[in-house]
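Visitor: I would like to go through this model with you, residue by residue where that helps. Could you put it up first?
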Amino acid sequence: MANHLHKHFGELEVLKGVSLEVPEGSVTSIIGASGSGKSTLLRCMNLLERPDQGELAIADEAIRFDRNPQGDIIGLDRRQLQRLRGKVTMVFQQFNLWPHLTVLGNVIEAPMRVKKLSRKRATALGEHYLERVGMADRRDAYPAFLSGGQQQRVAIARALAMEPRLLLFDEPTSALDPERVNEVLGVIRGLADEGRTMLLVTHEMHFAREVSDQLVYLDQGQIACSGTPEDVFADPRCRQFMAPAA
Ligand code: ADP
Ligand code: MG
């Protein structure tokens, strides 16, 4: 899935060779201190950031990133990048809905533009996933008229409407009022129960323990500890990392 990924921002090495396997149909949660590289890892997996080095494989698509001796990134096939992008979608902390589009408009935009679906087909798909997150009755509303929890549920429907092979969540409840957190966690839990392949960055330790098949602790751009939640919490070496987060 991710193999020896490296990412620098100038002199700062943010990912120092991260390797991560997210088996099909399973949920992996990434935890770690602020600044440890969690968002950068997710953004690399989604190709919002381009890794400097390493390999990404999503479903049947694999891409290697490398540099020549001059430091230029080499060996990238643009069409392959596009195909890989179509297999991964992300839900952001700040929802990032388009304010000028309705709820339904937000959900059908990428299927129409990226996947070239007709408006009719995209709408059917969009309505299906809005139903799935309990937002079908607000399909004609604009984001500004929705609560944070409702906006995040629309953002999840938007991610699902691309029918990705991998769903990424970057702290999906961190921007929500406390009373809105559970409605979003409930949707994510339902997706986990359905067997969706998901990679989740979260500070909700209780939730992460409950829904994850695998927990990964990222420390300064390296995986310090990983395993099943049971193993990770039972291992004294891991627990020393988990303690501040738990
Ligand atoms: P986390 O999500 O774990 O809090 P990030 O991946 O956001 O961590 O950031 C890891 C480090 O990389 C931080 O030191 C951050 O300042 C730096 N960083 C992230 N994005 C950029 C960027 N676009 N340009 C420069 N530095 C960045
Ligand atoms: Mg982050």
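Visitor: Let us start with R153. Is R153 buried or exposed?
Guide: R153 counts as buried, because its relative accessibility is 12%, under the 20% cut-off. Please keep in mind that this is a predicted model.

Visitor: Which side chain does R153 meet in a salt bridge?
Guide: The side chain of R153 meets that of E183, with an N to O distance of 3.2 Å. The pair links distant parts of the chain: R153 belongs to helix α5 (residues 148-160) and E183 to helix α6, 30 residues apart.

Visitor: And E183, how accessible is that one?
Guide: E183 is partly exposed, with a relative accessible area of 23%.

Visitor: How many salt bridges are there by this rule?
Guide: The count comes to 14 salt bridges. One of the pairs is K87 with D60, whose closest N and O atoms are 3.4 Å apart.

Visitor: Where do K87 and D60 lie?
Guide: K87 is in the loop between α2 (78-85) and β7, and D60 is in the loop between β4 and β5 (61-67), so the pair ties together parts that are 27 residues apart in sequence. K87 is buried, at a relative accessible area of 18%, whereas D60 counts as exposed, at 64% relative accessibility.

Visitor: What about the pair E109 and R113?
Guide: E109 and R113 form a salt bridge in which the closest N and O atoms are 3.2 Å apart. Both residues lie in helix α3, 4 residues apart, which is about one turn of the helix. E109 is partly exposed, with a relative accessible area of 24%, and R113 also counts as partly exposed, at 46%.

Visitor: Which residues are linked in a network of salt bridges?
Guide: A network of salt bridges links K7, R43 and E49.

Visitor: Changing topic, to the ligand. Which residues surround ligand 1?
Guide: The residues around ligand 1 are F9, L12, V14, A33, S34, G35, S36, G37, K38, S39 and T40. By class, this shell has 4 nonpolar, 6 polar and 1 charged residues.

Visitor: Which polar atoms lie by the oxygen atoms of ligand 1, and at what distance?
Guide: S39 places a polar side-chain atom 2.9 Å from an oxygen atom of ligand 1. For G37, a polar backbone atom is 3.1 Å from an oxygen atom of the ligand. For S36, a backbone N or O atom lies 3.2 Å from an oxygen atom of the ligand.

Visitor: How much of ligand 1 does the protein bury?
Guide: Ligand 1 taken alone exposes 560 Å², and the protein buries 58% of that.

Visitor: Which elements give two or more residues to the shell?
Guide: Those elements are β2 (12-20) and α1 (38-45). The most comes from α1, with 3 residues.

Visitor: What follows α1? I am curious about N46 in particular. Where does N46 lie?
Guide: N46 lies in the loop between α1 and β4 (53-58). N46 is buried, with a relative accessible area of 9%.

Visitor: And what does N46 touch?
Guide: Leaving aside residues up to four places away in sequence, N46 touches R85, V88, T89, M90 and L168.

Visitor: On to the backbone. What is the phi of N96?
Guide: Phi of N96 is near 55°, a positive value in a residue other than glycine. N96 is in the loop between β7 (88-91) and α3 (103-113), and N96 is partly exposed, with a relative accessible area of 39%.

Visitor: And what is the phi of K116?
Guide: K116 has a phi near 60°, again a positive value in a residue other than glycine. K116 is found in the loop between α3 and α4 (119-132). At 66% relative accessibility, K116 counts as exposed, because the cut-off for that class is over 50%.

Visitor: One last residue. Where is D177?
Guide: D177 is in the loop between β8 (166-170) and α6 (178-193). D177 is partly exposed, with a relative accessible area of 47%.

Visitor: How far apart are the C-alpha atoms of D177 and S147?
Guide: The C-alpha atoms of D177 and S147 are separated by 9.2 Å, and the two residues are 30 residues apart along the chain.

Technical notes
Residues numbered from 1 in each chain as written. Chains lettered and ligands numbered in written order. Predicted model: local features only at pLDDT ≥ 70, side-chain atom pairs only at ≥ 80, totals over all residues. Heavy atoms only, no water. Near = heavy atom within 4 Å. Polar contact = N/O pair within 3.5 Å; in protein donor to acceptor, adjacent residues only side chain to side chain. Areas by Shrake-Rupley, 256 points an atom, 1.4 Å probe, with all protein chains shown as cover. Nonpolar A, V, L, I, M, F, W, Y, C, P; charged D, E, K, R; others polar. Buried < 20%, exposed > 50% of the residue type's maximum accessible area, 1.4 Å probe, protein only. Contact = heavy atoms within 4.5 Å. Salt bridge = Lys/Arg side-chain N within 4 Å of Asp/Glu carboxyl O.
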